[in-house]
Amino acid sequence: MSDAQGAGDVILAVEGVTLSFGGVRALNEVSFDVREHEVRSIIGPNGAGKSSMLNVINGVYHPQQGTIRLRMDGALREFHDMDPHEVALSGIARTFQNLALFKGMSVLDNIMTGRNLRMHTNLLLQALRIGPAAREEIEHREAVELIIDFLEIQAYRKTPVGRLPYGLQKRVDLGRALAMEPSVLLLDEPMAGMNVEEKQDMCRFILDVNDQMGTTIVLIEHDMGVVMDISDRVVVLDYGRKIGDGTPEEVRGNQAVIDAYLGVSH
Amino acid sequence: MFYRENGQYKTTYGADQQMLPILQDRIFMAVLLLFAFIGVPLLASDYLLLSILVPFLILALAATGLNLLVGYCGQISVGHAAFMAVGAYSAYNIVLRVPQLNFLVVLVLAGLIAAAVGMLFGIPSLRIKGLYLAVATLAAQFFMDWTFARVKWFTNYASSGSVSTATIDLFGWRVDTPARKYLFLLAVVTVFTLMAKNLVRGHLGRAWMAMRDMDVAAEVIGIRPVYAKLTAFAVSSFYVGVAGALWGFVHLGSWEPLAFDINLSFTLLFMIIIGGMGSILGSFFGALFIVALPILLNQVPAMLGLPLATATKSHLEVMIFGSLIIFFLIAEPNGLARLWAIGKEKLRLWPFPH
């Protein structure tokens, strides 16, 4: 749907990343790049290493080999052993496969935590809630309200997230990531467990984010219809290796990919 | 019928983010505060002031502090009485060595020292959580118990190990009568409660709750665990340290090291569990429950005219108290604050629940 002509220079490059847990190789010399403004999908059977890949980009795991480069201030910079906080600062946001919302907090507060990176008033000012602290709170509330409007969840603003149905929780998860105003948004199975209508809504939100905010999207998804429809380029992983990379048409015709998904007799 | 927000339109985010967005709540709070500041000192007996309200206020402050750490940030601590002790002994030593300092300054300094010690003992929380962290904080309790019992400098080489304090003098206003003690505490507790409420509504409070609810996601969103956890330990210990200083100077007057033993730590934990984790209001409910209920239970046999021996009465008191705690935990695991919230929710719909 969204065409590749909007895609620009490489914004995120993964080069030769190898990640092992003890004897298990979760990722084996995986390389790919993500261009600015595109929708880049990562697919593969269960256990292929997709979520591990996102965790590496996020700084949750540190790979034994390989580098990750990210465009910051116009140049690709290599980053080593960044912790998740530094990664977040450099403009990468993330949603989670299994809902990782803050259950005890309202929808509004959940999305507000996405703004925490940008809120700097000190403890004492916050305790007194005077001047800058009160202003900051309102300023960021305005930004969050835009996201709430965008995701059409106005009615649930003050509801504790735990009480919302699954599909809406996924939306709040997306909202929390959007509140960070990321340049790259990593989505880990945003449509898992949804019905067709919910999937359509989610697709619309993802494409709108990509279009209107110019955010680069890296998407992990199992629904092939969705992947083939909305991606500009697709990476295929299997057992921690990259077995395919290209436009949806190229990937669909790739024999290795077909074998990985359908199985092949050895 | 009268308690609802219908017709109270918020036109700015500032108005929507008030501490008490509903008008009726604000009126109720104003009336309650007026009554507490003016009505109570005039009406209450010295007994009520000294043996219920004074300990209630101080313990509510300590419970609020503990709740910031356990209820809001999700880091369990069973050593908070140790930080109360740090506050109390710090205040004692500051007053002893620099007598010209105003007590309010002493209070803040005592809190800051407790905060520093709290942060030190909070460092294990960066690596461990849950029950293991509880055991690590237990170390704080034993270490502080030992320090104040053995290091004689802290108790000014008193042979008995117990210390006693002079009357607090605030700019010539001596905190000596029960009513004055109560008013002083009420003022301090009101200010600190407001600040706690503001903190948990701000971005620091959200960072704490994020750590509590889902620490990995919080990190990926850009919350630094070191900062969130250590500030929670610091602020919590500050509150508890101030409460400890007040407990020593206003409530006890003189005390020995055992005054801040592990029983007090458990009492604080009970308060926030019964009152409600993650609720400032719950800390007050919990403190009231723990302070007032034993006294009430003590009075009941006399009111019913039952001739019970004193020993039997105190045994009964403990037994009934224990079973009430269990009953409350089964009936409402989220504490009295949750019951209060449900009550308010019902009241909003009453008398037309559909």
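I will call a residue buried if 20 or more other C-beta atoms lie within 10 Å of its own, exposed if 12 or fewer do, and partly exposed in between, with the C-beta atoms placed from the backbone. By that rule, 44% of the 266 residues of chain A are buried.

A word on the source. This is a predicted model, in which local features need pLDDT of at least 70 and side-chain atom pairs count only at pLDDT 80 or more, while totals for chains, interfaces and linings use all residues. Residues are numbered from 1 along each chain as its sequence is written, and chains are lettered from A and ligands numbered from 1 in the order in which they are written.

Chain A, then. Chain A has 10 helices and 10 strands; these are DSSP runs numbered from the N terminus, H or I of at least four residues for helices and E of at least two for strands. Along the principal axes, the C-alpha atoms of chain A fill a box of roughly 70 × 40 × 40 Å. The radius of gyration, taken over C-alpha atoms, is compared with a globule rule of 2.2 Å times the number of residues to the power 0.38. For 266 residues a compact globule would come out near 18 Å, and chain A has 19 Å, which agrees.

Next, the domains, whose bounds come from an automatic or database domain assignment. In chain A, domain 1 covers 1-91 + 182-266 and domain 2 covers 104-180. The centres of these two domains of chain A, over C-alpha atoms, are 27 Å apart. Where they touch, domain 1 of chain A gives 11 residues and domain 2 of chain A gives 9; contact here requires C-beta atoms, placed from the backbone, within 7 Å. On the domain 1 side, α2 (84-89) and α7 (196-212) of chain A each supply at least two residues, and α7(A) gives the most, with 4.

Now to chain B and one helix, α12 (residues 280-304). How far apart are the end C-alpha atoms of α12 of chain B? They are 35 Å apart, and 25 residues at 1.5 Å a residue should span 36 Å, which agrees; the expected span uses 1.5 Å times one less than the number of residues. α12(B) bends by about 35° at A292(B), with a proline, P294(B), following within four residues. The bend is the angle between axes fitted to the seven residues ending at a residue and the seven starting there. Buried residues of α12(B) include I280(B), F284(B) and V291(B). Their cover includes α3 (46-72) and α14 (336-349) of chain B. Just after α12(B), G305(B) has a positive phi of about 75°.

Note on methods: Two residues are in contact if their C-beta atoms, placed from the backbone, lie within 7 Å.
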